[in-house]
Amino acid sequence: MRFLLVYFSPTGNTRKISNHLIDIIKARGYEVDIFNLSDCIEIIDKKEIIFKKLVAEYMEYDLAFFAFPIYNLQIPNLMRDYLKKLSINCKNASFISTYGKVAKGYGIDQAAYILSKKSIIPISSLAIPMEHSYLKEKDVNQINSLDLKERQAKIEEEIRDFFEETLERLKNNGKLQK
Ligand SMILES: Cc1cc2nc3c(=O)[nH]c(=O)nc-3n(C[C@H](O)[C@H](O)[C@H](O)COP(=O)(O)O)c2cc1C
């Protein structure tokens with residue numbers, strides 16, 4: 001199987017999660033093409049953003065993962081615009097959002113809606129609470145009291161379960177057997 005992973009991660013949380021996912025995919029012996037959205041853009045005159053790299057349209061993927069942070073409850077504009085422009089040889093998509101424990105919002109639904117217009121069917125998603133980019137921990141509700149190491153192990157386990165569930169759905173037309 002061949003996967004695509006496109007991620008956007010200005011402060012590194014989503015990149016960490018993406019890296020776990022990449023390790024899991026590779027450990028299972030599958031191929032994954034990786035795009036960091038920040039490397040795919042060019043900023044013209046400090047205002048206009050153009051995508052200098054999208055995805056190779058001739059490639060065929062079994063599933064595309066899109067990972068991004070939540071900004072003001074939404075998908076970041078850059079990822080939204082990228083998804084709107086994207087032309088891709090792939091029938092299914094899966095989404096990961098990271099958010100700063102304030103509210104996970106509806107970024108994943110927005111991404112799913114954009115891709116559904118291109119007949120790409122969303123089959124799984126995961127929203128992961130992480131450190132907030134600019135709010136200090138004490139300013140927000142502490143969702144869990146685990147220490148950093150325990151939390152790290154739990155996140156890795158969650159991503160592994162998420163990938164296995166996604167694989168099962170992929171093999172069963174979007175459904176779980178259980
Ligand atoms: C402009 C901006 C808006 C944000 N809005 C939200 C929000 O609505 N809800 C939330 O829980 N976290 C919010 N966050 C926190 C990020 O979603 C969170 O820290 C995320 O994991 C950052 O991902 P990154 O490190 O991959 O950039 C916001 C962060 C920024 C910079």
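User: What radius of gyration does the protein have, and what would a compact globule with 178 residues have?

Analyst: This is a predicted model: local features need pLDDT of at least 70, side-chain atom pairs count only at pLDDT 80 or more, and totals for chains, interfaces and linings use all residues. Residues are numbered from 1 along each chain as its sequence is written. The radius is taken over C-alpha atoms, and the globule rule is 2.2 Å times the number of residues to the power 0.38. For 178 residues a compact globule would come near 16 Å, and the protein agrees, with 16 Å.

User: Which strands pair with β6 in the parallel sense?

Analyst: Pairing requires that DSSP finds at least two bridges between two strands. One partner is β5 (residues 63-69), over six bridges, in the parallel sense. There, F66 stands opposite F95 of β6. The other parallel pairing, over eight bridges, is with β7 (residues 121-129), so the names are β5 and β7.

User: How many of the residues of β6 are buried?

Analyst: Buried means 20 or more other C-beta atoms within 10 Å of a residue's own; exposed means 12 or fewer, and partly exposed lies in between, with C-beta atoms placed from the backbone. Across the protein, buried residues make up 30% of the 178. β6 is mostly covered, and its buried count is seven of eight.

User: Is L78 buried, partly exposed or exposed?

Analyst: L78 sits in helix α2 (residues 77-85). Not counting residues up to four places away in sequence, L78 touches F8, L37 and I49; contact means C-beta atoms, placed from the backbone, within 7 Å. Because 18 other C-beta atoms lie within 10 Å, L78 is partly exposed.

User: Which element supplies the largest share of the shell around the ligand?

Analyst: Of the 24 residues around the ligand, S9, N13, T14, P69 and G100 come nearest; a residue is near if its C-beta atom, placed from the backbone, lies within 6 Å. α1 (13-27) and β6 (92-99) each supply at least two shell residues. The largest share, three residues, comes from α1.

Methods:
Helices (H or I, at least four residues) and strands (E, at least two) are DSSP runs, numbered from the N terminus. Two residues are in contact if their C-beta atoms, placed from the backbone, lie within 7 Å.
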